[in-house]
Each structure stands twice: as structure tokens, then as C-alpha cells.
Amino acid sequence: VVLVDAVEGVCSQTVTVLRQSWIEKLKPLLVINKIDRLVTELKMTPSEAYVHLSKLLEQVNAVLGSFFQGERMEEDLNWREKMEERVTAAAAAKASADDLVDDAGELQFEERDDGDIYFAPERNNVIFSSAIDGWAFTCRQFASLYEKKLGIKRGVMEKVLWGSFYLDPKTKKVLGPKHLKGRNLKPMFVQLVLEPVWTVYQATCGGDSGKGDTRGGDGFINATDR
């Protein structure tokens, strides 16, 4: 589990832990903690928080990408050295030109896809949390909540809750950026995930100059029912 502060972002310790997990070939989970600080301290809107979290995720994935590129460069260098050794050995043995080609062809540089090394909320390897307030969630949990309400299968909801996907308020259909047709819709993660969380915080500690909702328990219940 790799823990990152939602406000502080990627620190030297983050890089150290990521490198250790990379060396040991582990499959880490990313926990973006202290989401509450985005609400209570930085006073971000849900849309601003979404942009902030997206950039933070890019920073973490950039670290993983640097590990991958470094490893590939080392593999490429080793491959070239082996090829040169084989060609040199074959030439020393006065092999024919055909033998040289055949011998060199035995070693092929294997290309590798890096798509599965990154953190992505839609893959459920990213957890959003507030340890101090005792909550955490993944996209899968919110997908389960909205599955029956929106009539969209959980597996599909998991894939579209994060990213450039939008919910048509009239048809309840998921739209991509190309189908917005100029409409100013919020990303689904903002509308269906962050806004309810923000509503709970406003009802409990954000309204009435920080005193919260003076109605007490009813305010909290109404916020969570949303």
C-alpha cells in the first residue's frame, strides 16, 4: 500500500516506496489520503478537487513510468551487448554471412507493454480516503451504489466513473467528450462521487461559519441520502 497525501502530493518517501515495490515486483495499491483537507482547508470545489486529484495521479504514474523506461533502457543495452558478442564470436570463427544472420536472429528484443503498471481508479487500484475521519472508497464501491439507480451494470460503471465521461441528466446515458455537443456537464466522478462527499462535509462541518448544519442529525442523513 502506497500512501500519498492529497495535499502534499508526491514526496521523496513516495518515490522510495514506489521504487522498492518496483524492485520487488509487487503490485501496489495507491491510497490518496486526507481528501478531507481539500474540503476543509483548501476550500476546493468538487470540480477543482477532481482536477487536483488527476494531476496528483499523473505525478505518481510519472514516477512509475521513469522506472519502466530505465529498465527498458538497461534491457536494450544488455541485448545490444549480447548481439555484439555473438557477431564478434561468429566473425572470429570465420562463419559465413548467412550464419551470421541466422545466429543474430536467435536473439530478439522483446517489446513490453507498460499499460498495466500504472495506477488507475477504473482498475480499482486507487483508494480515496480520509484516515482521520474513518472513510475510504474505490470506484467499485460507488459503482455498486449507482448500479440499480442508474440501470448501468457495475462493471461498466467502474470503467466510466473516472475520466472524461459524463452522465446525461435526461436520458441517464453515459457520454464521452465527443457527444457533449457544447453542454457544460460535469465529469461523472465529480457529479456522482465528489459532490455527495462534499455535501456531507458541508452539512457536518462546513455550514454556518464552520458550525455545520444546525439541524444536527437530519442534515447528515439528508446529505448521505443524496
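Which residues have the most contacts inside the largest nonpolar core? They are Leu30, Ile32, Phe128, Met157, Leu161 and Phe189, and the core has 43 residues. A nonpolar core is here a set of buried Ala, Val, Leu, Ile, Met, Phe, Trp, Tyr and Cys residues joined through side-chain atoms within 4.5 Å.

The structure is a predicted model, in which local features need pLDDT of at least 70 and side-chain atom pairs count only at pLDDT 80 or more, whereas totals for chains, interfaces and linings use all residues. Residues are numbered from 1 along each chain as its sequence is written, and side-chain values use heavy atoms, with hydrogens and water left out.

The protein contains eight helices and six strands. Helices (H or I, at least four residues) and strands (E, at least two) are DSSP runs, numbered from the N terminus. Read from the N terminus on, the order of elements is β-α-β-α-α-α-β-β-α-α-β-β-α-α. The protein has 226 residues, of which 36% count as buried. Buried means under 20% relative accessible area, exposed means over 50%, and partly exposed lies in between (1.4 Å probe, protein chains only). Among contacts (heavy atoms within 4.5 Å) with a separation of 6 or more, 61% are made by residues 24 or more positions apart.

The core of 43 residues draws on several elements. Those that give two or more residues to this core are β1 (2-5), β2 (30-33), α2, α3, β3 (126-130), α5 (139-150), α6 (154-160) and α7.

Two strands pair if DSSP finds at least two bridges between them. Aspartate 5 has asparagine 33 in β2 as its bridge partner, while valine 31 stands opposite isoleucine 127 in β3. From β2, Leu30 and Ile32 point one way and Val31 and Asn33 the other way, and all are buried.

Isoleucine 32, in strand β2, is buried with a relative accessible area of 1%. Why does isoleucine 32 count as buried? Its relative accessible area of 1% is under the 20% limit. Apart from its neighbours within four places in sequence, isoleucine 32 is in contact with Val4, Ala6, Leu53, Leu56, Val126, Ile127, Phe128 and Ser129.

Helix α1 (residues 12-23) has twelve residues and reaches 17 Å from its first C-alpha to its last, close to the 16 Å expected at 1.5 Å a residue. The expected span is 1.5 Å times one less than the number of residues. In α1, Thr14, Leu18 and Ser21 are buried. Seen down the axis of α1, the buried residues fall within an arc of 60°, so they line one face of the helix; the arc is that of the directions from the helix axis to the C-beta atoms. An α-helix has 3.6 residues a turn, so residues three or four places apart point the same way. On the other side of α1, Ser12, Gln13 and Ile23 are exposed. After α1 comes lysine 25, whose phi is positive, near 55°.

Helix α5 also has twelve residues, and its end C-alpha atoms are 15 Å apart, which agrees with the 16 Å that it should span. Its buried residues are Cys139, Phe142, Ala143, Tyr146 and Leu150. Seen down the axis of α5, these fall within an arc of 105°, so they line one face of the helix. The face turned away from this buried side carries the exposed residues Leu145 and Lys148. Just after α5, glycine 151 takes a positive phi of about 70°.

Two further lysines lie in loops. Lysine 43, in the loop between α2 (36-40) and α3 (46-92), has a positive phi of about 55° although it is not a glycine. Lysine 43 is exposed, with a relative accessible area of 61%. Lysine 181 lies in the loop between β6 (174-175) and α7 (188-206), and its phi is also positive, near 55°. Lysine 181 is exposed, with a relative accessible area of 75%.
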